[in-house]
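Thank you all for coming; I would like to walk you through one model this morning. Please have the sequence and the structure open while I talk.

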Amino acid sequence: MALTLYYHPLSSYCWKALIALYEAEIPFAKRLVDLQDPEDHAAFREITPLGKFPLLHDADRDRYIPESSIVIEHLALTVPGAARLMPTAAAQALDVRAKDRFFDLYVMEPMAKIVEDRLRPETERDPRGVAAARARLDTAYGIVEHSLRETGWAVGDDFTLADCAAAPALFYANEVQPLSPALPRTRAYLERLRARPSFARVLREAEPYMTLFPRS
Ligand SMILES: N[C@@H](CCC(=O)N[C@@H](CS)C(=O)NCC(=O)O)C(=O)O
């Protein structure tokens, strides 16, 4: 299998795909996309006009696969070691997809809104949008806290696509809006995620770039 992942080491959605690749120990090539380099950016947009990563190239199937969730579902379908990331039972698969959507839409997106705002010039900031994002994050945290058990993963006892989504979402969300002591299960879950070798590796590899993350 000849896989190439177009990515950036700080991108939360790329982390999601990387976690799945490391979970299943899938050999692949990395292609870092430098959005600050106009030539590299333009070349990437030639492949994918929306310019979003992660983007997986599967040379054996002559296909480019955008969207982190679809990248992971593609791996689960095509690489035996990745199959366990998506349950085969339809009802459980639905639960996993529901949690994946939840973490992307209600944790990752408001977190990204707060981060993006920090990167804007002072005069272009959007305090109302950021306040709404913070309120949405608080609501999402409450939902996560009630849905988690004291052990195990986002859906049952197996590590799935839902956990691949939860790890970057909660990690970065915790950076911009720390998880309070009133959320013990969520805090413990984030610790379990950080200790998971696939995510620990992603964090280690991102460490040299973390100075670029806007802390405030
Ligand atoms: N829904 C997409 C979101 C991908 C996304 O927004 N990626 C960000 C990085 S975390 C990106 O490509 N940003 C660059 C840009 O929008 O120009 C997915 O799940 O892959």
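Let me begin with the classes of residue: Ala, Val, Leu, Ile, Met, Phe, Trp, Tyr, Cys and Pro count as nonpolar, Asp, Glu, Lys and Arg as charged, and the others, Gly among them, as polar. What you see is a predicted model, in which local features need pLDDT of at least 70 and side-chain atom pairs count only at pLDDT 80 or more, while totals for chains, interfaces and linings use all residues. Residues are numbered from 1 along each chain as its sequence is written.

I start with the ligand, which is surrounded by S11, S12, Y13, G51, K52, F53, P54, E67, S68 and S69, where a residue is near if its C-beta atom, placed from the backbone, lies within 6 Å. Helix 1 (12–23) and helix 3 (68–78) are the elements that give two or more residues to this shell; helices (H or I, at least four residues) and strands (E, at least two) are DSSP runs, numbered from the N terminus. By class, the shell divides into three nonpolar, five polar and two charged residues.

Next come strand 3 (residues 55–58) and strand 4 (residues 63–66), which run antiparallel and are joined by four bridges, given that two strands pair if DSSP finds at least two bridges between them. D58 stands opposite R63 in strand 4, and in this hairpin, with four residues between the strands, D62 takes a positive phi near 55°.

Now to helix 7, and which of its residues are buried? They are T186, Y189, L190 and L193, where buried means that 20 or more other C-beta atoms lie within 10 Å of the residue's own, exposed means 12 or fewer, and partly exposed is in between, with C-beta atoms placed from the backbone. These four lie on the same side of helix 7, because they cover an arc of only 100° around the axis, the arc being that of the directions from the helix axis to the C-beta atoms. The face turned away from that buried side carries the exposed residues E191 and A195. R192, also in helix 7, counts as partly exposed because it has 17 C-beta neighbours inside 10 Å.

Finally, helix 8 has S198, F199, V202 and A206 as its buried residues, and since their arc is only 95° around the axis, they too sit on the same side of helix 8. Its face turned away from the buried side carries P197 and R204, which are exposed.
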